[in-house]
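This briefing goes through a structure by topic. Sequence and coordinates come first, then the points.

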Amino acid sequence: MTSPTPAAGDAVRLTGTAKSYGAFTAVHPLDLAVPAGSFFALLGASGCGKTTTLRMIAGLEAPTAGTVHLGGQDVTALPPYKRPVNTVFQNYALFPHLDVYENVAFGLRRRGIKSVRKQVGEMLDLVQLGPLARRRPHQLSGGQQQRVAVARALINRPQVLLLDEPLGALDLKLRRQMQLELKRIQTEVGITFVHVTHDQEEAMTMADTVAVMNAGRVEQMGAPADLYENPASTFVANFLGTSNLIEAEVAGEEGGTLHLTSGGLRLSLPAARCRAQAAVGDRVLAGVRPEKITLAHRDDEDAIPAGRNRVPGRIVDSSFIGVSTQYVVDSPVCPDLEVFVPNVGRDARLAPGAPVVLHWDPEHTFGLDAHQDIDAGLDGLEAEARGAAPERAGTAATAEEAAV
Amino acid sequence: MRPTRWLRRNLVVIAGVLALIYLMVPNLVVLAFSFNKPKGRFNYTWNHFSTDAWQHPCGVAGMCGSLTLSLKIAVYATIGATVLGTMTAFALARYRFRGRAATNMLIFLPMAMPEVVMGASLGTLFLNMRIRFGFWTILIAHIMFCLSFVVTAVKARVMSMDPRLEQAAQDLYATPAQTFYRITLPLAAPGIAAGALLSFALSFDDYIITSFNAGNSVTFPMFVWGSAQRGTPVQVNVIGTAMFVLAVVLVLAGQLAGGRRRARG
Amino acid sequence: MTAAATEPAPPALPAPAAPPPALRRAAARRRRTPYLLLIAGVAWLLVFFVAPMIYQASTSVQTGDLEDGFKVTWHFATYWDALTAYWPHFVRSLVYSGIATALCLLIGYPLAYTIAFRAGRWRNVVLVLVIAPFFTSFLIRTLAWETILADQGPVVSFLNDIHLLDATSWLGVTQGHRVLATPLAVVCGLTYNFLPFMILPLYTSLERVDGRLHEAAGDLYATPFTTFRKVTFPLSMPGVVAGTLLTFIPAAGDYINAELLGSTNQQMIGNVIESQFLRVLDYPTAAALSFILMAAILLIVSLYIRRAGTEELV
């Protein structure tokens with residue numbers, strides 16, 4: 001295997017890194033580069049291999065193939081205590097027999113640093129835990145424990161800080177607060193963060209770059225907005241936010257626009273946004289995000305500007321969630337199209353049973369290969385079922401690679 | 001609340017307290033009769049109060065010698081069984097290896113074997129190997145039967161420990177040796193201490209296995225057994241009471257210290 | 001930021017490269033470690049527990065005498081002779097220890113339950129009191145029972161005054177107006193001596209039972225007794241099994257209670273083995289008796305474990 005020379009700017013570089021346990025492959029050979037100073041998120045459902053990947057970077061798991069480089073140095077054979085990385089563990093793994101101060105000082109002391117008082121004090125101030133220095137971990141709240149775990153890792157000024165679902169045990173409000181807090185700390189200290197999470201919102205809020213993992217492979221990688229707007233597979237489309245995926249057939253192409261037919265309706269899709277082969281007669285999945293769709297009552301159909309994709313339907317269900325109202329619409333192209341309508345002025349006619357027309361700018365449509373599971377990434381159960389059936393997941397991923 | 005209802009709600013507690021009394025009564029009798037001045041040789045009926053025995057605890061020929069022997073053996077057996085047992089427990093709790101199930105069985109068997117069978121078997125072996133009975137044969141036997149109890153206690157503790165704590169230590173630059181001394185050992189300490197305490201108690205108290213392997217050596221339980229035939233001296237009650245009080249005080253002090261350390265800060 | 005995102009994964013990688021030598025060395029070390037940790041403890045048990053057992057097995061089929069030494073003659077008749085001569089002792093051992101085990105469960109369960117759920121801040125104190133008798137030599141405590149149950153003592157006088165001993169004598173568990181030197185005394189002593197061995201495992205498994213389960217059962221229309229029968233007791237089953245075994249096995253081999261609290265009519269099999277070994281010096285008989293006892297216990301225990309349906313003991 002020709003190992004590419006690590007780029008100078010990469011804090012972490014995985015080259016063909018893989019991990020299998022007997023017959024089960026947790027992580028397929030993986031190439032991944034994390035630029036220095038970035039906030040990088042590995043996103044995926046439980047069991048997708050993201051934590052294993054993180055543990056291989058930390059040295060807690062030995063890869064079965066491939067190499068791990070940290071800042072240009074090959075560390076594949078180095079034990080965890082010789083690697084310049086630190087981890088914030090899931091459920092924190094704070095030492096129960098040591099107080100907060102000693103927990104934070106642990107790494108410095110192991111490296112033979114005698115006077116730790118100043119550094120520990122500063123670090124505890126950074127995470128606002130100064131007054132609790134002599135408490136034991138079990139006397140702290142979840143949020144406080146989480147900050148001790150961050151302080152304990154950060155004080156060592158690692159080249160890379162690894163975070164394994166660090167916010168998973170916190171309640172929603174606290175999680176939001178800690179997301180901003182972590183982002184602030186990362187900007188302040190400038191250390192590369194690699195963050196593992198199953199929460200797509202968390203990944204998008206915090207990270208510069210997100211890698212979406214599924215069944216031991218990276219499905220897609222990019223900036224959060226890019227992933228959201230241009231998903232490359234059904235898994236990413238469904239796992240990141242919500243997508244309406246419409247099965248359609250290519251009817252023709254004209255001036256960079258694909259004309260599709262589905263359920264007897266005509267839809268337009270910019271050819272540049274189509275990830276699948278699109279000769280006439282090919283089947284593709286046309287996707288559109290629920291918030292891009294406008295919902296009009298059938299009576300107002302004439303007011304819809306020309307050139308937009310239109311789908312007639314009937315409201316099946318509506319739920320009011322504060323900032324918006326979510327509708328489920330039965331239509332000829334798809335029995336359960338989702339539409340999010342912001343609560344600006346509420347149209348009283350839009351109740352279940354009402355006939356409606358959905359319309360959106362064709363530019364907001366994206367095209368995906370139809371040879372993949374349309375429901376991939378819909379929920380945790382689905383992801384686990386895919387994990388248990390590697391052939392199926394494998395096919396999807398191969399199709400995905402071909403598409404890229 | 002009506003009395004019958006109170007009774008029904010607290011029936012289990014009342015039964016529990018009665019069971020506790022059943023457990024405690026002999027100790028109280030031992031305590032009371034350590035202050036007796038018996039008429040004749042047998043310390044079975046109350047005669048009159050005296051502190052003679054407490055003032056001269058070693059006033060009986062051979063008793064304090066046997067006590068010293070028992071304490072010595074208990075200390076050595078505890079150290080031996082704790083060291084061997086802790087190592088075995090770590091292997092069983094932390095590793096998957098060929099022969100693990102067989103080892104678990106080997107550890108379990110001594111606990112499922114009547115003492116008289118183990119004692120007689122080991123005694124027969126020593127006898128036929130022409131090994132001289134005495135201090136060493138007793139010590140060997142005691143380490144043998146304490147070992148399983150230490151393994152069980154330590155294994156339970158180690159299995160309940162979060163392996164991520166050790167990984168966290170390694171992640172924070174602790175070498176394997178440092179991880180063991182700074183994290184693993186302190187976390188496993190309660191299990192090891194429990195095993196050691198149990199070993200000490202079992203070894204100090206053992207009569208059956210010892211009697212098959214002691215030869216002419218006399219441990220404290222053997223002294224008590226021997227004296228039971230011709231009338232136990234009051235001093236035996238003194239030793240029994242002293243051990244009881246000492247144990248309770250030590251354990252309570254340990255718990256208090258632990259509690260205060262937890263409460264601090 | 002996306003600029004650094006890597007090129008897509010190569011479609012297929014060459015056969016996985018072998019891990020570097022340092023990793024292989026670490027893996028080899030890891031494979032060796034458990035054996036290094038085990039060796040001392042396992043060797044100790046093999047030499048001083050398993051080997052004696054095997055030797056004992058050979059002794060049981062030897063014949064000879066002290067002067068000329070013993071030889072293996074495959075004399076299985078020793079087993080038959082031992083059984084015919086001492087079967088009452090076997091029966092007595094199993095019956096006494098069986099009753100004592102049942103009594104321990106009956107007495108110990110409420111106490112374990114109280115410690116686990118009702119003791120509050122007294123929990124640790126009560127636990128210490130349960131363990132503490134261990135530290136007064138159990139011979140001394142058994143001798144204390146001799147004092148308590150003495151013929152002229154207050155307990156026996158009281159039992160005579162209420163004519164309870166007449167009733168028990170009629171049942172055959174006591175004789176005349178005394179308790180000492182009767183089956184009742186021996187069973188009482190066995191129960192007392194092995195009670196902590198019952199209470200501790202019971203407590204350990206009860207402690208793990210979530211107190212909220214009681215509330216949940218109550219919420220689902222279970223009376224306190226039904227809650228106990230359907231929820232608490234089944235959950236404490238591992239403790240019940242462990243406790244009964246830890247009580248029954250040593251009690252079946254015990255001879256101290258029979259010796260100190262009973263008479264020749266209450267002698268158990270342990271007494272016989274002890275005297276054959278230490279006084280009669282008939283080693284083959286002692287060995288054969290040991291093996292019969294062991295076999296009987298293993299048989300009963302395995303039947304019992306199968307009935308109780310718990311195999312989490314080891």
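**Briefing**

The model is predicted: local features need pLDDT of at least 70, side-chain atom pairs count only at pLDDT 80 or more, and totals for chains, interfaces and linings use all residues. Residues are numbered from 1 along each chain as its sequence is written, while chains are lettered from A and ligands numbered from 1 in the order in which they are written.

**Chain C**

- Residues 90–304 of chain C carry the annotation "domain: ABC transmembrane type-1" in an unreviewed UniProt entry; positions follow the numbering used here, feature names are shortened, and annotations may be inferred rather than shown by experiment.
- That span, residues 90–304 of chain C, is 78% helix and 0% strand, and its end C-alpha atoms lie 18 Å apart. Helices (H or I, at least four residues) and strands (E, at least two) are DSSP runs, numbered from the N terminus.

**Contact between chains B and C**

- Chain B contributes 69 residues to the contact and chain C contributes 72 residues, where two residues are in contact if their C-beta atoms, placed from the backbone, lie within 7 Å.
- On the side of chain B that touches chain C, helix α1 (residues 3–33) of chain B gives the most, with 15 residues.
- The residues on this side of chain B comprise 52 nonpolar, 15 polar and two charged. Nonpolar covers Ala, Val, Leu, Ile, Met, Phe, Trp, Tyr, Cys and Pro, charged covers Asp, Glu, Lys and Arg, and polar covers the others, Gly among them.

**Chain A overall**

- Chain A has 10 helices and 20 strands.
- Along the principal axes, the C-alpha atoms of chain A fill a box of roughly 80 × 55 × 35 Å.
- Chain A has 404 residues, of which 46% count as buried (20 or more other C-beta atoms within 10 Å of the residue's own, with C-beta atoms placed from the backbone).
- Of the contacts in chain A between residues at least 6 apart in sequence, 66% join residues at least 24 apart.

**A sheet in chain A**

- An open sheet of five strands in chain A runs in the order β13-β12-β11-β14-β20, with antiparallel pairing; strands pair if DSSP finds at least two bridges between them.
- At its edges are β13 (265–270) and β20 (366–369) of chain A, each pairing on one side only.
- Strands β11 (residues 244–254) and β12 (residues 257–262) of chain A form an antiparallel pair over five bridges.
- Opposite E254(A) stands T257(A) in β12(A).

Notes: A residue is buried if 20 or more other C-beta atoms lie within 10 Å of its own, exposed if 12 or fewer, and partly exposed in between; C-beta atoms are placed from the backbone.
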